[in-house]
Amino acid sequence: MPHISLKDLSIAYGDHKVLQNVTVDIPDSQITVIIGPSGCGKTTLLKSLNRLLDLNDDVNVTGSVLIDGVNTYDPKADILALRKKMGFLSQRPYPLPMSIYDNIAFGPRVHRVSKEKIIQQINTLEGRSVEIPAGNKSHIDILVESYLRLAGLWEEAKDRLHTPASRLSIGQQQRLALARALAVEPEAILADEPTSALDPLSAQLIEKQFKVLKKNYTIVVVTHILRQARRIADYVIFLYLGELVEHGPAEKIFSNPSDERTKAYISGEIS
Amino acid sequence: MEEKIFKGLMIMSLVLVLVMLAGIIVITVYKGAPALTLSMLIETPKGGYYLGKEGGIANAIVGSLLLALGASFCSILIAIPVAFGLQKEYTGWRFASFTKLVLDVLWGIPSIVYGAFGFVVMVFFGLRASLLGGIIVLTLLMLPIMVRSMEEVIRTIPLELKEISYALGTTKLETTISVVLRQALPGIVTAVLLAFGRGIGDAASILFTAGYTDYIPQSIFDPVASLPLAVFFQIGTPIPEVQARAYASALVLLLIVLVVSVVSRLLSYRLSKNIVR
């Protein structure tokens, strides 16, 4: 059973229906790309997965989002634990108002992860037993380094870990956001048009990082850039006006879509 | 042509504002500086001070600082939770707008009314004019300013930033304290400054509630002098030396506000290094 599975999910803001009867399984360890024109519910679908939608007023959700078999919209569901499982990247990367180092350490610190757990976490991540060297270096230092490396930011950030994260370029900020999200050990990464504010080179770095990370994480990316979807997608979900029109492996959707609307969108007739 | 008219209008208004500011400073310095001596800063009034003899306004300087700092401290303790509580994460829209309206009305109430109100309450409880009374009334005066300015700052914090924090599995309180408060800190400092400036310069609210005395208070139940009232009492005399001392007192008040502004600007600048706008 996949980590993430949607059943008959409908979402409305007040009377305005945004998504209707979406049922789809999101394959593990692949990059799933949600495509579709603006305003057709892509971001809503993404944010329903970690219940960030709750921050909006007047949202009605029916149906279910199963994360590891647990319905997240069950009133008894533990939203905080659920959100930890879902790393999130927003359109515009916002560094937390603190240093680069503290941005990465933020999650583990807030969740009061014990030293033993953190060492275990680093060992799992690095795939080997990491020694904490004697001296000034703490387990958090190693954690920060590991995740900055994982997000491909270590070389650029290692000499200024304690400077404000706001001084990083926007592309670096997005990789920082990735590292920060990964540091709370999510199972999946949800990315909402993660490259839309970035220059082409930074965007390329993020895409490259996703391809590396998909071995260990389920990745869901919302994009309206069709070419980006072609580059990174293993699986595609096509939404049109709140309706799930078609979903399937990327090769099939891009080369041989079954629905006329998908065909029109892929060929660029509608945007 | 239109462009030029508007540009001219803007320049004229700007000049008017600058001239007013310069005028206030020049006149205060010109009239006050000659009377401003070290003994004036460090001595309390001696016998015959108000007739132009020996002494100083240390009682008013210390008094004003105690009043304004005490009231700022109390206001911060109350204003921060209120300002956060008015955000939509914690309070419904209706209640929040009603509270903001109430605060705006309070902001607009003349300070003499606060003074009269404070006086009635103190009489009811059998208290006399004191540092405590002054601090309480000044706190009431400063609270609406602080809460409203803080609330505005907190409200402008982008939802995306909060989303990012929540997405890491944090609770509302953790996000509020570790992320939102940090992001809002420079604005909060500005809000405190704004309220402090209003508080330290206000004469009417503390006229009945803090009283006036030639001594430095020994406890919070003693009456306390203040700079605005020192200006008020001294400028009303017919003796030129005492009038000059009124301007010197005003100059001291001006300098205190200036120093506090500069320090808080620097603080605010240091704090905003971490912030993405």
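1. In this predicted model, the C-alpha centres of domain 1 and domain 2 of chain A are separated by 28 Å. The domain assignment places residues 4–95 + 186–267 of chain A in domain 1 and residues 96–167 in domain 2. Domain 1 of chain A is therefore given as two sequence segments, 4–95 and 186–267, under an assignment that is automatic or taken from a database.

2. The largest nonpolar core contains 136 residues. The members that touch the most other members are A:Y147, A:A179, A:V220, B:L67 and B:M146. Helix α6 of chain B, residues 131–155, supplies the largest share of this core, with 14 residues. Both domain 1 (4–95 + 186–267) and domain 2 (96–167) of chain A contribute residues to the core, so it lies between them. In soluble globular proteins, nonpolar side chains tend to be buried together.

3. Which residues does B:M146 touch, leaving aside those up to four places away in sequence? The contacts of B:M146 are B:S75, B:A79, B:A191, B:V192 and B:A195. B:M146 is also one of the core residues listed as touching the most other members.

4. As to secondary structure, chain B has 11 helices and 0 strands. Read from the N terminus, the elements of chain B follow the order α-α-α-α-α-α-α-α-α-α-α.

5. The C-alpha trace of chain B spans about 70 × 65 × 30 Å along its principal axes. Chain B has 277 residues, of which 38% are buried. Among contacts in chain B with a separation of 6 or more, 76% join residues 24 or more positions apart.

Definitions and conventions: Residues numbered from 1 in each chain as written. Chains lettered and ligands numbered in written order. Predicted model: local features only at pLDDT ≥ 70, side-chain atom pairs only at ≥ 80, totals over all residues. Core = buried A, V, L, I, M, F, W, Y, C linked by C-beta atoms within 7 Å. Buried ≥ 20, exposed ≤ 12 C-beta atoms within 10 Å, placed from the backbone. Helix = DSSP H or I, 4+ residues; strand = E, 2+ residues; numbered from the N terminus. Contact = placed C-beta atoms within 7 Å.
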